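Keep the view open and follow along point by point.

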Amino acid sequence: MLIGLIIACLIVVMLAYGYLSHYHLVTTSYHIATNKNVNDHTFVMLSDLHCCKHGRDNIKLIKRVRALSPDTIFIPGDMITKHMSVSDAKVQQVLKLLSELNKVCPVYYAPGNHEIRLYDEYDAYKTELKKIGIKYLENDFMDLSDDAIRVYGLDLPLAQYRTKDLISKEDVGGFLHQKCADGDKYSILLAHDPRYFKAYVGWGADLTLSGHVHGGIMRLPFVGGVISPYLRLFPKYDAGEFEEDEKTMIVGRGLGTHHVKFRWFNPPEIIEIRLETGRDIQP
């Protein structure tokens with residue numbers, strides 16, 4: 001009887017902790033050095049909000065971003081949730097947030113699997129983004145103001161989020177209508193799904209920014225994220241910084257929740273990235 005009561009109490013505590021963790025917003029900082037001829041930049045990356053809120057009108061999130069004084073904000077998808085209408089109050093809330101963030105600095109946004117599953121509402125959503133000045137990249141690119149940094153936004157087909165098959169660098173080039181990244185520029189790829197990191201590297205992305213995995217929902221010491229959106233245990237690219245062939249991917253834990261409304265040892269995350277010249281720079 002006593003053991004059963006203790007177990008029940010532990011379950012209640014864990015559920016409460018997992019739910020309340022959603023309200024504990026954290027900032028994670030990374031330093032990335034490059035030998036390419038670029039000016040130093042401070043970026044903020046936001047992903048996987050899924051129409052959640054951080055304070056009234058997202059004021060906590062807005063204040064945190066402002067305090068970082070970023071030059072650019074990058075969003076690699078899933079700010080909204082599938083099957084919603086643009087007129088829905090939660091989508092309007094996201095648009096209001098994006099409008100406020102765009103007053104801080106330019107915002108570059110590429111779709112995730114939830115944006116493209118707005119279906120009949122997708123064009124209306126993109127129209128609203130354009131109205132507030134968001135730079136929305138669907139298999140397209142834009143240069144930052146100093147022209148030394150090029151930002152690509154990858155829009156994967158929905159089927160690619162559902163398959164276990166990996167894609168190649170040629171596939172990435174086909175989606176982006178660019179055989180490879182421009183080697184003369186520092187190339188940043190907004191790519192929602194991190195599973196294809198090797199393909200992104202092969203294509204030529206110097207820095208890939210991803211989300212999608214929500215940090216693995218639960219994180220364990222020395223193990224990392226526990227489960228992916230594909231219901232696979234211990235995903236390889238769960239959260240944090242990954243490197244291959246001197247190229248980097250940063251995977252955000254996201255800002256909200258979707259199917260599973262809990263975050264165990266995995267608080268929502270704003271990511272700050274400081275890009276600096278010189279390969280020997282240490283954090």
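1. A term to start with: a polar contact is a pair of N or O atoms within 3.5 Å, and within protein one of them must be able to donate a hydrogen and the other to accept it. Please also keep in mind that this is a predicted model.

2. With that in hand, look at Arg150, in strand β7 (residues 149–153). The side chains of Arg150 and Asp143 make a polar contact at 2.7 Å.

3. Is Arg150 buried or exposed? Arg150 counts as buried because its relative accessibility is 12%, and buried means under 20%. Beyond its neighbours within four places in sequence, Arg150 has contacts that include Phe141, Met142, Asp182, Lys185 and Tyr186.

4. Next, the open sheet: 6 strands in the order β1-β14-β2-β3-β4-β5, with mixed pairing. At its edges are β1 (26–34) and β5 (135–136), each of which pairs on one side only.

5. Within that sheet, β2 (residues 41–45) and β14 (residues 269–277) run antiparallel and are joined by 5 bridges. To see one of them, find Phe43, whose bridge partner in β14 is Ile273.

6. Finally, helix α3 (residues 89–104) has 16 residues and reaches 23 Å from first C-alpha to last, close to the expected 22 Å. At its start, a side-chain oxygen of Asp88 comes to within 2.8 Å of the backbone nitrogen of Lys90.

7. Which parts of the model do the buried residues of α3 pack against? They pack against α2 (59–68), β3 (72–75), β4 (107–109) and α4 (122–131). Among these buried residues are Val91, Gln93, Leu97 and Leu101.

Definitions and conventions: Residues are numbered from 1 along each chain as its sequence is written. This is a predicted model: local features need pLDDT of at least 70, side-chain atom pairs count only at pLDDT 80 or more; totals for chains, interfaces and linings use all residues. Side-chain values use heavy atoms; hydrogens and water are left out. Helices (H or I, at least four residues) and strands (E, at least two) are DSSP runs, numbered from the N terminus. Buried means under 20% relative accessible area, exposed over 50%, partly exposed in between (1.4 Å probe, protein chains only). Contact means heavy atoms within 4.5 Å. Two strands pair if DSSP finds at least two bridges between them. The expected span of a helix is 1.5 Å times one less than its number of residues.
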